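Dear colleague,

Please find below the structure that I am handing over to you. My findings follow it, and I would be grateful if you read them with the structure open.

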Amino acid sequence: MALNARLDHRNPLVFDTHELGRRPGALQRLTRTVDAPRDLGIKGVIGVPEGAPVELELRLESVMEGVLVTGTARAAAEGECVRCLEPVELELEADFQELFSYPDADDRGRVIAEPGDDAEDDEERFFLEDGLFDLEPLLRDAVVLALPMQPVCQEDCPGLCAECGVRLADDPDHHHDAVDIRWAALQGLAGSLGDGEKDDMSGAEPGVDEKQEK
């Protein structure tokens with residue numbers, strides 16, 4: 001990851017590490033409740049609503065290369081059951097850990113990458129900027145990993161009826177009589193023949209009565 005551009009210390013997801021003083025072994029614990037940023041979760045599936053409270057517990061530890069950030073985020077996520085489309089709510093707890101490197105970490109004892117790997121390695125790293133770091137990218141990754149890709153309202157949710165769309169959990173005995181389409185035409189033909197025979201019989205009865213009268 002490239003160096004952050006002009007981090008704003010007023011942003012609730014930006015944290016200041018100056019108190020650690022670049023002293024390896026220095027430790028700081030922080031708790032903070034912030035408003036969830038936009039699109040925090042799996043878009044179109046489940047996520048934390050924008051502006052909802054997110055509780056953060058952080059442990060900042062100074063190491064030779066930078067600041068090791070370990071933490072937990074807790075929030076309420078909302079989505080839709082993939083089987084029956086009913087609303088789903090769950091308590092989210094996402095753990096994360098990441099090293100935010102000093103821009104001059106190589107000069108301060110960081111393990112040097114293999115020759116030719118520096119550019120690629122930098123793309124995978126997070127950096128401090130003037131002692132500040134932005135937690136949002138790390139928080140987003142942690143939340144996505146902690147959320148279910150296919151949320152359900154209950155583990156044994158039977159879903160919707162394929163015929164009429166009714167929610168099966170509300171009507172466990174719901175069913176439709178199956179008709180084999182291969183026999184449907186024959187059933188119709190049988191019905192028409194039956195009607196014809198009745199007509200013939202009803203037409204013959206008057207003749208019989210006339211013979212009997214004679």
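Leucine 85 counts as partly exposed, with a relative accessibility of 47%; buried means under 20% relative accessible area, exposed over 50%, and partly exposed in between (1.4 Å probe, protein chains only). Please note that this is a predicted model, in which local features need pLDDT of at least 70 and side-chain atom pairs count only at pLDDT 80 or more, while totals for chains, interfaces and linings use all residues. Residues are numbered from 1 along each chain as its sequence is written, and side-chain values use heavy atoms, with hydrogens and water left out.

Leucine 85 is placed in the loop between S6 and S7. Helices (H or I, at least four residues) and strands (E, at least two) are DSSP runs, numbered from the N terminus. Although leucine 85 is not a glycine, its phi is positive, at about 70°. Most residues other than glycine have a negative phi. The hairpin of S6 and S7 has six residues between the strands.

S6 and S7 are antiparallel and pair over 15 bridges; two strands pair if DSSP finds at least two bridges between them. Within this pairing, alanine 76 has glutamate 91 in S7 as its bridge partner. S7 also pairs with strand S8 (residues 126-127), in the parallel sense and over two bridges. There, phenylalanine 100 stands opposite phenylalanine 126 in S8.

**Overall composition**

The protein contains three helices and nine strands, and their order along the sequence is β-β-β-β-β-β-β-α-β-β-α-α. It has 214 residues, of which 30% count as buried. Of the contacts (heavy atoms within 4.5 Å) with a separation of 6 or more, 65% are between residues 24 or more positions apart.

**Nonpolar cores**

Which residues have the most contacts inside the largest nonpolar core? They are Val48, Val54, Leu56, Val69, Phe96, Phe133 and Leu135, in a core of 34 residues. A nonpolar core is a set of buried Ala, Val, Leu, Ile, Met, Phe, Trp, Tyr and Cys residues joined through side-chain atoms within 4.5 Å. At least two residues of this core come from each of strands S3 (40-42), S4 (46-48), S5 (53-62), S6 (66-80) and S7 (87-101) and helix H2 (136-146). S6 gives the largest share, five residues. Apart from this core lies another, of five residues, including Cys81, Cys84, Val88 and Cys157.

Leaving out residues up to four places away in sequence, valine 54 touches Arg32, Thr33, Val34, Ala36, Leu40, Val48, Ala73, Arg74 and Ala75.

**Cysteines**

A disulfide is a pair of cysteine sulfur atoms within 2.5 Å, and by this rule the count is zero. Cysteine 81 is in no disulfide, the nearest cysteine sulfur being that of cysteine 84, 3.7 Å away. Cysteine 81 is buried, with a relative accessible area of 0%. The closest cysteine sulfur to that of cysteine 153 is in cysteine 84, at 3.7 Å, which is too far for a bond. Cysteine 153 is partly exposed, with 30% relative accessibility.

Proline 12 belongs to the segment before strand S1 (14-16) and is partly exposed at 40% relative accessibility. Beyond its neighbours within four places in sequence, proline 12 is in contact with Arg32 and Val34. The C-alpha atoms of proline 12 and aspartate 134 are 9.2 Å apart, although 122 residues separate the two along the chain.

Glutamate 129 is in the loop between S8 and strand S9 (132-134) and counts as buried at 15% relative accessibility. A polar atom of its side chain lies 3.3 Å from the backbone nitrogen of leucine 7. Aspartate 130 is also found in the loop between S8 and S9, but counts as exposed at 63% relative accessibility. Aspartate 130 has a positive phi of about 55°, although it is not a glycine.

Yours sincerely

How values were computed. Polar contact = N/O pair within 3.5 Å; in protein donor to acceptor, adjacent residues only side chain to side chain.
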